[in-house]
Amino acid sequence: MVEKDPEPRSIDIEELSRHRSLTDLWLVIDGTVWDFTHFAPDHPGGAAIIAQHAGRDASAAYNEVHSPSLVESVLPASSRVGILDRSTVTEEWAKQPPPRARGPPRKKKKQEKKPPLEDLINARDFEIAAEASFAPKAWAFVSSAATDCLTKERNASAYRDIALRPRVLRDVSTVDISTAVLGHEVGAPIFCAPTSMGKIFHPQGERELGRGCQRLGIPQCVSTSCSFSLPEVMDAVEEEWKGLASDTSVVPVFFQLYVDKDRKKSERLLRMVKERGVKAIFLTIDAPVIGKREADERIKSNESLQAPMSGASAKNDKKGGALGRLMGSYIDASMTWEDIAWLRKTVPGLPIVLKGIQTSMDAVKAMEVGVDAIYITNHGGRSLDTAPATILVLLELQKNCPQIFDKMEVYIDGGITRGTDIFKALCLGARAVGIGRGFLFALNYGKEGIEQFVNILTDELVTTMQMCGITSLDQVHPGLLHTGAVDHLIPGSEEHPYARWRPKPRSRL
């Protein structure tokens, strides 16, 4: 006679509420009570978010970012405590805990010396060294993100939910990771994303970033909010290239544009950067206004800081001292799709890249207006919190408008810290990946740090390709990935799947 499994134990909220510490932590997911005590310290998103729901129902927070079956694959059966007795649930107990205000962790004691460069063996090591040695304002600026920092966290965690499907018994003795970006041959599918105020991290700021990129053979995208003028950055790039005595041409430099409310200022700037030799314009479209970055607001700005190309100066006010908000007031929030024609007329012949695509609808619109490439980004989670993780947007494009990949190049950034992350983005159709914060963490060590940082990532990329049985980037494809854990998060159309409500038109009387 086959024995039946015992009936799951019924757990009332009084018993559940007794297990609310990190050393004894139960929570409810979809009616099942789980013991998370041993898993919480290893949770990729940190133990704090689990502790926030200890002794309570975490279903809403869990289902927002995870597939229903994930908990069963991560926790052993012995961690299943029982079933929630819903008859004991009270209105007070069922309330969701208030969201915690997230930001960069505060160190109790600032480390005086950063570790030697040779001790750093992965991208995370560069971040730890930066947190230990950057000035408080520099750390707050680079690590901060919008409001509760959820999008920043999800940019990274979404990659972990996508699995690889290795292929074996292939000759992978020789691997080539070179590619072409906007017609320019580059050494790897990586570029330095546009970042602001590089001088607060290194005296040579974006000039040093440019030197490192030239040594690596990868592009740099210079921001309108750069600490130096574009000619100063180009001088450093060209001097570095000459010192390399290379028989190849200078690796391309791109320019990221924030459009000024005074269009004539932007037109003068664009004419100058074109004359100085930039190879494309990356128009930022995901930041018509600046997001609220609380960690940056909390620390006063040095009011002597100025961005030479935008003319913006740092200051402080009653809201705080966030560099992005206070130095971004010049940005034109009235930009529309019709302004692409203005940009094309201002810089004839230069490729145009739209930086900030976050839905398939806007990707299609970009294709229709005829831009050369799109850049999937949410500003590293710094603009709109709870915007989708960028790799999920890439999946949305594959699901809803796969034709765009034949019409435009696609780039992506956000949460990329491993060679496996780069590989996953390439398999889903990205031509190259941008990295912002990581380059600034590496800038802590000058151009040598930038070289080591990128070489670590490319070594990991090469290893991933070999393990998956491919030897060049024209062999990547979605079949090398398993995306089942995130597929339920990908929208299928512009409309909500079931909600059809619309507000009534306002009376004009």
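Is Leu182 buried or exposed? Leu182 counts as buried, at 16% relative accessibility, where buried means under 20% relative accessible area, exposed over 50% and partly exposed in between, with a 1.4 Å probe and protein chains only. The model is a predicted one, in which local features need pLDDT of at least 70 and side-chain atom pairs count only at pLDDT 80 or more, while totals for chains, interfaces and linings use all residues. Residues are numbered from 1 along each chain as its sequence is written, and side-chain values use heavy atoms, with hydrogens and water left out.

**Overall fold**

- The protein chain has 19 helices and 17 strands, which are DSSP runs numbered from the N terminus (helices H or I, at least four residues; strands E, at least two).
- Along the principal axes, the C-alpha atoms fill a box of roughly 80 × 70 × 55 Å.
- Of the contacts between residues at least 6 apart in sequence, 75% join residues at least 24 apart; contact means heavy atoms within 4.5 Å.

**Surface and charge**

- Buried residues account for 53% of the 509 residues.
- The accessible surface is about 24700 Å², and 52% of it belongs to carbon and sulfur atoms. Areas come from the Shrake-Rupley method with a 1.4 Å probe; for residues, only the protein chains shown count as cover.
- The chain carries 64 positive and 66 negative charges, whose mean positions are 6 Å apart. Lys and Arg count as positive and Asp and Glu as negative, with His and the chain ends not counted; the charge is placed at NZ of Lys, CZ of Arg, CG of Asp or CD of Glu.

**Nonpolar cores**

- The largest nonpolar core has 108 residues, and those with the most contacts inside it are Ile281, Ile374, Ile391, Leu394, Phe423 and Phe439. Such a core is a set of buried Ala, Val, Leu, Ile, Met, Phe, Trp, Tyr and Cys residues joined through side-chain atoms within 4.5 Å.
- Helix H19 (residues 446-467) gives the most to this core, with seven residues.
- Beyond its neighbours within four places in sequence, Leu394 is in contact with Ile376, Phe405, Val410, Ile412, Ala425, Leu428 and Ala430.

**Helix H16**

- Leu395 lies in helix H16 and is buried, at 9% relative accessibility.
- Residues up to four places away in sequence aside, Leu395 touches Ile162, Leu428, Thr483, Val486 and Ile490.
- Leu395 and Ile299 are 96 residues apart along the chain, with 37 Å between their C-alpha atoms.

**Loop residues**

- Leu182 sits in the loop between strand S7 (179-181) and strand S8 (184-186). Its phi is near 55°, a positive value in a residue other than glycine.
- Thr386, also not a glycine, has a positive phi of about 75°. Thr386 lies in the loop between strand S14 (373-376) and helix H16 (390-400) and is partly exposed, with a relative accessible area of 46%.
- His202 is in the loop between strand S9 (190-192) and helix H9 (205-216) and is buried, with a relative accessible area of 17%.
- Leaving aside neighbours within four places in sequence, His202 is in contact with Glu208, Leu443 and Gly446. His202 and Leu443 are 241 residues apart in sequence and 6.4 Å apart in space, C-alpha to C-alpha.
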